[in-house]
Amino acid sequence: MAAIAAPDPHSTRAPSTRGFRATLVYQTLLIVGIFALWEALVRLEILPVYLYGQPSGIFAKGRTLLVEGDLARDFGATAFASILGFVIGTSLGSAAGLLLWLSQTAAAVLRPIIVAVNGVPKIALAPLIVVWVGVGLGAKVAIAASLTFIVALIAVYQGTQEVDEDLVKLMRSLGAKPMTIWRKVIVPGSTPWILSTMRLNIGFAMIGAVVGEYISSKMGLGYLIYNAGALYDLNTVFVGIFSLMALALVLDAVLGHIEARFKW
Amino acid sequence: MVNTSTREVVLEANHVSLVFNAGTPKEVVAFRNISFELRQGEILAIVGPSGCGKSTLFNVIAGLLRPTSGSVRVDGALVDGASGHVGYMLQKDLLLPWRSVLDNVMLGLEVRGVDPKDARERALSLILRYGLDGFESAMPRALSGGMRQRVAFMRTLALNPKAILLDEPFSALDFQRRLNLQGDVKRIIREQHKAAILVTHDIGEAIAMADRVVVLSQRPGTIKAIHTIELGDETDPGALRRSAAFNEYFDVIWSELDALVETVAA
């Protein structure tokens, strides 16, 4: 029957409650096991603590940073820069990708440029961005936005091309103008790609924000990690890394909910 | 059988030919010199071996492809580009998966800029009348293939086209559903006083549904024969297919197509 150019809406099966619980138990065991092994190896002096840190030290450090408020500040700064960069880059990139459908000429002209820009590691643009927008929040957001923009542009344009050509033909046979086809078929037909791009882009936005913090910032998890690393304070480095993981999980969960709402 | 010879001509093909890459070494003649007329209330089936240009001819009639020579007229007006002058239905139902049954049926009316209230009313009355009652807010993925095709057919009818083009719309359905839907579509086309062109490779389907069957030759497609089908008033698809008259038509058309295939093989 109809090959609808959209991912199978049933592909993300919700696990059963029982399966979910078992998964949760295994996940906890796995994490606890890794930390126990790590702690033991350090305590038995098989791993040197100055190179690998130590779970008990990481927890103690994390607690101190939390109590003193530094962690919340850094976490908030990175989260804010990531989300802002993500929203700006993903929305502009998605819009540009959708609009490119309207002009084959524009798409053809821009294709090599987009490929070239995409090929450049965006980190290489960081010094330029710092020169243009200065240090601090602006640079972080700009790096995150530029990373996510190009990813969204390419993925969403690809999405518009994957919309069933016969749907476009049907609309034409109904007498629809290109703008109407765009609005009624291309935009809604591309939403699965926009949503999966959002999933990807959360990761890219965090890369952008952290790189921005490495280069030019006085706060944020990237700044925390970079500084602690320079001082061989590995426990603090791990606090930063685990905080980034937590941020990634939270943002991914939020997007998961948004995505679920758009399934048809 | 409906006597249609005195009725108004709805669609007319005059010496239509289509040549791809004309004048180059890669020139391919899809079909040549196709002429026929379709009258109100009539169903005309076009059968032919695969690759005879059936679907290409379909696209020309729909206005999606421009013929190299000749013309297609609907209601006397020259078909020039796709403008929604004819409704069409394909093997794929092409329902928009993010729209409910009702919104899918309304799609064409929406594109035409019909007042949403009127569009809704018209779509609903078709849905209620033709067996989709209670499914108007269902999403396409919840429907069977046969029901999806029904929705596609309602979408076509909603625009009230004079002529409907059917391009193998039943070929993806299982046998039972196919027979039922063939019968329903035929009945509805009659009830609504439409005219239809059915492109198919299924000889039985052509005979069961059509008033006339046009047999196309292998590429380049030309009209090899036109049969007028007279089967009486039998509506039960099973009984129809067991009747002597049905089988006679079947044998004649079958041997014509068979001969065409052998000619190519030789």
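This is a predicted model: local features need pLDDT of at least 70, side-chain atom pairs count only at pLDDT 80 or more; totals for chains, interfaces and linings use all residues.
**Figure 1**

**Figure 2. A45(B) inside the largest nonpolar core.** This core has 139 residues. Three of them have the most contacts inside the core: A45(B), A163(B) and I197(B). Here we zoom in on A45(B). What does A45(B) touch, if you skip residues up to four places away in sequence? The list runs L198(B), T200(B), A206(B), M209(B), A210(B), V213(B) and V214(B).

**Figure 3. The two domains of chain A and where they meet.** The contact itself involves 5 residues from domain 1 and 4 residues from domain 2. On the domain 1 side, you'll find 4 nonpolar residues, 1 charged residue and no polar ones.

**Figure 4. The two domains of chain B and where they meet.** In chain B, the assignment gives a domain 1 written in two pieces (9-85 + 162-265), plus domain 2 (95-160). Their centres, again over C-alpha atoms, sit 26 Å apart. At the contact, 10 residues of domain 1 meet 10 residues of domain 2. Which helix gives the largest share of the domain 1 side? That's helix 5 (residues 175-191) of chain B, with 4 residues. By class, the domain 1 side has 7 nonpolar, 2 polar and 1 charged residues.

**Figure 5. Chain B as a whole.** Stepping back, chain B has 8 helices and 10 strands. Its radius of gyration is 19 Å, close to the 18 Å that the globule rule gives for 266 residues, so chain B is as compact as a globular protein of that length. Along its principal axes, the C-alpha trace spans about 55 × 45 × 40 Å. Of the 266 residues in chain B, 44% count as buried. And if you take the contacts in chain B between residues at least 6 apart in sequence, 71% join residues at least 24 apart.

Technical notes
Residues are numbered from 1 along each chain as its sequence is written. Chains are lettered from A and ligands numbered from 1 in the order in which they are written. A nonpolar core is a set of buried Ala, Val, Leu, Ile, Met, Phe, Trp, Tyr and Cys residues joined through C-beta atoms within 7 Å. A residue is buried if 20 or more other C-beta atoms lie within 10 Å of its own, exposed if 12 or fewer, and partly exposed in between; C-beta atoms are placed from the backbone. Two residues are in contact if their C-beta atoms, placed from the backbone, lie within 7 Å. Ala, Val, Leu, Ile, Met, Phe, Trp, Tyr, Cys and Pro count as nonpolar, Asp, Glu, Lys and Arg as charged, and the others, Gly among them, as polar. Domain bounds come from an automatic or database domain assignment. Helices (H or I, at least four residues) and strands (E, at least two) are DSSP runs, numbered from the N terminus. The radius of gyration is taken over C-alpha atoms; the globule rule is 2.2 Å times the number of residues to the power 0.38.
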